[in-house]
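Please look over the sequence and the model below before reading on. The text after them is a guided walk through selected parts.

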Amino acid sequence: MRNYALLVLLLSSITTLSQNCDNTLTGKVTDIHDGQMLIGVTLTIANTEQSVQTGLDGIFTFSNLCDDTYYIQISHPYCLTKGFKVRVFEDTNKSFKLEHHIEELNQITIEGKAYSNKSKTVLESTLNKEELERFSTGTLGNALNSLSGVSSLNTGNGVVKPIINGLHSSRIVIMNNGVRMEDQRWGSEHAPNIDINSAGNLTLIKGAAALQYSGDATGGIIIVEAPRIAVKDTLFGKTSISGISNGRGVSINSRITKSNLNGWYTSIQGSLKRTGDTEAPNYLLSNTGVSERNASIKIGFNRFDYGIEAYYSIFKNQLGILRASHLGGAGDQVRGIASPIPLIINDFSYDIDAPRQEVTHQLGRIIGYKELNRRGKLSFQYDYQLNNRLEYDIRRGDDRNKASTDLELITHTVQANFETNKSNTHHIKTGIIGRYQKNYPDPGTGIRRLIPDYTKYDLGGYAMLDTNISESLIIELGGRFDYTHMNVYKFYRTSFWESRNYDILLPEIVVEEVGAQILTQPKLNYYNSSATLGATYSFKDNYKLFFNYSLASRAPNPSELFSEGLHHSASRIELGDLRFNSEVGHKFALTLRNNNKNFSFSIQPYINTINDFILIEPVDVRQTIRGNFQVWEYRQTNAQLIGVDVDASYPINKKLKLNHQFSLVKGYDRSRNQPLINMPPANFKNEIVYKNSAYNNLRISLQSAYVFRQNEFPNNNFEVYIPETETSEIVDFSTPPNAYHLLNFNSSIDFKTSNKTALTVGLEISNLLNTSYRNYLSRLRLYADDLGRNFLLTIKLNY
Amino acid sequence: MKIVQFLSTAIFASALIFSCSSDDPDPVVEEEVITTMTITLEPFDDQISSVILQTQDLDGDGPDIPEVTVSGNLLENKMYYGSIVLLNETEDPAENMTGEIEEEDLAHQFFYTIGSGLNASTEYNDEDTEGNPIGLDFTLTTTAASSGQDLLLNLTDITFTLRHEPVKSAEGVADGDITNAEGETDIEATFTVTIE
């Protein structure tokens, strides 16, 4: 396009005689839509080499011009290149307007950024496309783990759940392309069902400040967005293939995007991953293979003032769970924990046997928006999600190949959002949302339902305002209200129903008695308010101080309400309580950030106080015909999490840079005055990065990650009698493992293969020294070491 | 106003479409569960009476503990023929689960752990298709009577353990030593018995 414009200019240029040749031409370039100054616009005078750029104020100056007519070509990365005819006579002032095409389609950008800020008074952490690509063979959790303040709760290498400032599962909301993920995230072994390769940008907000997404994110919000597509005639794509040594697997990922100047665009993406049994430094981890197949498609039409987009994605995986972690009662646990190596080690295999999970998550969304003249942008969205979760245990007889858990969760959401974007000083966002959800646990499994049948209705509304009080001070405030109604059908064991005195307390919800079970129909209502208040103050050029208070309310999840029986993968009996009310969190977060070229850092202390915090803890040991099992019961208490995240970055020279991260969180149960379980231990990450853009973008990094031992933990150990030895043994699953240190190496280099294609080759070695370690936050740490060294070779072709 | 109308219509419509199925869900039939294990110890000497050990846990992992009964005492210096029957009594009529173990004989084995104060020994009386024991049938031989001291110290227990997918080839396992058996415990029941 640019070439074409130049050609026209060249052909039409007229040479004239000149007399006075020390004139200047000055002016500014603004956006035709909102009059904003455009920075970095290139202006070139046709037939000369003279070229200038607009500065930070949008102003340009040409000097030494004659009294003449000039043809000027004006170009900007996000605008269509245009030619103008200018008559210069003495010093001339002339301003130009360009159509500043939002470089991206879809949800209009704010302030010229490709991905808009989600909250004005909380420092957001983001991972861009290049950073995400380094994790293309991993999971969403692995990528998030690279940010300070984020750890992960793992079940092997396949189930990686993000923990934000000490909180996880239901306390974290994940927005996938504008859709709130409803994928049964309550379970500690239920990983987010998102393909990392479908993401173009990932934003993390620690806390609930972004009320436009949800009011119940006491832990935080993760926003996954697909890569943006520019409005221009283009066709491009990329394909990458990775070989993974640990697990002897391969991963393929491909994306192709077509967009047109008339506003239509399409992007199709697919990925495949297959690995076999992975290895710890000293032994094979049997049955830890992974198979993943994902695809997504996006079709849309974008104009500056209106647009529509449809998105569909399917995520399908099969995850093997370490065979040696599938145990019977407490006696088996004693054996498993005491054994220095896993109880079951088989030969290497690609088979994914029981215990395993098979999850299919489908997501569809249609969004349309319209720019309302002088007011703002109005958008409507409908989305649909279908989550099917199958869990296979080791079973007997005819049930051998039958899933023990078969859940189907269907969610429909409609929402309308409005935001103003015309004023430079204040900005309002508001919206309403309605959601319908149905969970269907298939009784054909032959195992009592872990999560009952239910239908859930949500209705919510929010309003947020941010305003620039002065050049350096932004204030943000917002409120949200959500109403949730649940209509549940739950079978209780009569013995449990009576032991809890529910027969006296809640006789009205009984529908009928069926054998030794009671069918009940609880109808639950939750009224949740949430709010945020914050300020951002800029000072001394590069410094910014963020303050934010957020109030978040979360309704209890089905697992906390209705658990009642053996949770096989955890080898324990879990009991919920349907009388729980919503937990309410108050988080104060302060951030000091210096974004200086020579040394940048951010320090983020926070304190999060959560009333009626729902936690699960052991209360008893229960004797059954299958042996003894520990009983864990959910309880509400007042909890407090205090911590700090520190990031720092120091460029030694143009090519060498040091990055540092430190995170610390302490969590306490304030009612009982004891530490909370599963709090991430303090950790350091230090990295040295060499990057040479002159030499094929060569990038080499070496990272050292040190994880301290968690010294504060509740002691939940218990004793069990072992008949073989006629002794009582302690089942020690509380004591955290030792501190560990890992080295990770990463490198990549680009090759230009043709005019339009580029090849990137990357080599990554994780756990370089093949260190044996166990991670406190891994549920398999009792039975096996974590992963050993892994070589990952990736070849990526951009075209 | 239009938005509100549109939304309320949409929500109402979705509520109508998706909430019609008001049928109560069906209870789950737990076909795999073993609720009851009955061990009959029949003396070779038909002058004396059989001893029946039974554990019954009708609510599975529910709060009720298993009901354990021992019909009587064993006599010293006798041989008993033991057989194990497993039932699922959550179904009506109760389903005999013993056959399932026999069908998957390679993947199952019973172990009998005898307390140090109990002067008795056991021997397997059956074998799977590879010639290793299953343990549904066995013999129990008693010698001297239990001492008062042993009874007091609770050393006269006999524990029956059913292991799923044990390593039958491991050392001692075929002879009934559970130490190296590994696998996963499907049943574990302890009975306090007396030899008199």
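Predicted model: local features only at pLDDT ≥ 70, side-chain atom pairs only at ≥ 80, totals over all residues.

Residues are numbered from 1 along each chain as its sequence is written, while chains are lettered from A and ligands numbered from 1 in the order in which they are written.

Chain A is assigned domain 1 (2-98) and domain 2 (224-251 + 277-554 + 571-798); such bounds come from an automatic or database domain assignment. Between the C-alpha centres of these two domains of chain A the distance is 52 Å.

Next come the contacts between chains. Two residues are in contact if their C-beta atoms, placed from the backbone, lie within 7 Å. By this rule, 51 residues of chain B are in contact with 51 residues of chain A. On the chain B side, helix H1 (2-18), strand S9 (157-164) and strand S10 each give two or more residues. Helices (H or I, at least four residues) and strands (E, at least two) are DSSP runs, numbered from the N terminus.

Helix H4 covers residues 330-338 of chain A, and its buried residues include Ala330(A), Asp332(A) and Arg335(A). A residue is buried if 20 or more other C-beta atoms lie within 10 Å of its own, exposed if 12 or fewer, and partly exposed in between, with C-beta atoms placed from the backbone.

Why does Gly141(A) count as buried? Gly141(A) counts as buried because it has 25 C-beta neighbours inside 10 Å. This glycine lies in helix H3 (residues 140-144) of chain A. Leaving aside residues up to four places away in sequence, Gly141(A) touches several residues, among them Ser152(A), Val160(A) and Ala191(A). Gly141(A) and Ala191(A) are 50 residues apart along the chain, yet their C-alpha atoms are separated by 8.2 Å.

Some backbone angles remain. A cis peptide bond, with omega about -5°, joins Ala354(A) and Pro355(A). Pro355(A) sits in the loop between H4 and strand S23 (356-372) of chain A. Arg248(A) is not a glycine but has a positive phi of about 45°. With 16 other C-beta atoms within 10 Å, Arg248(A) is partly exposed.
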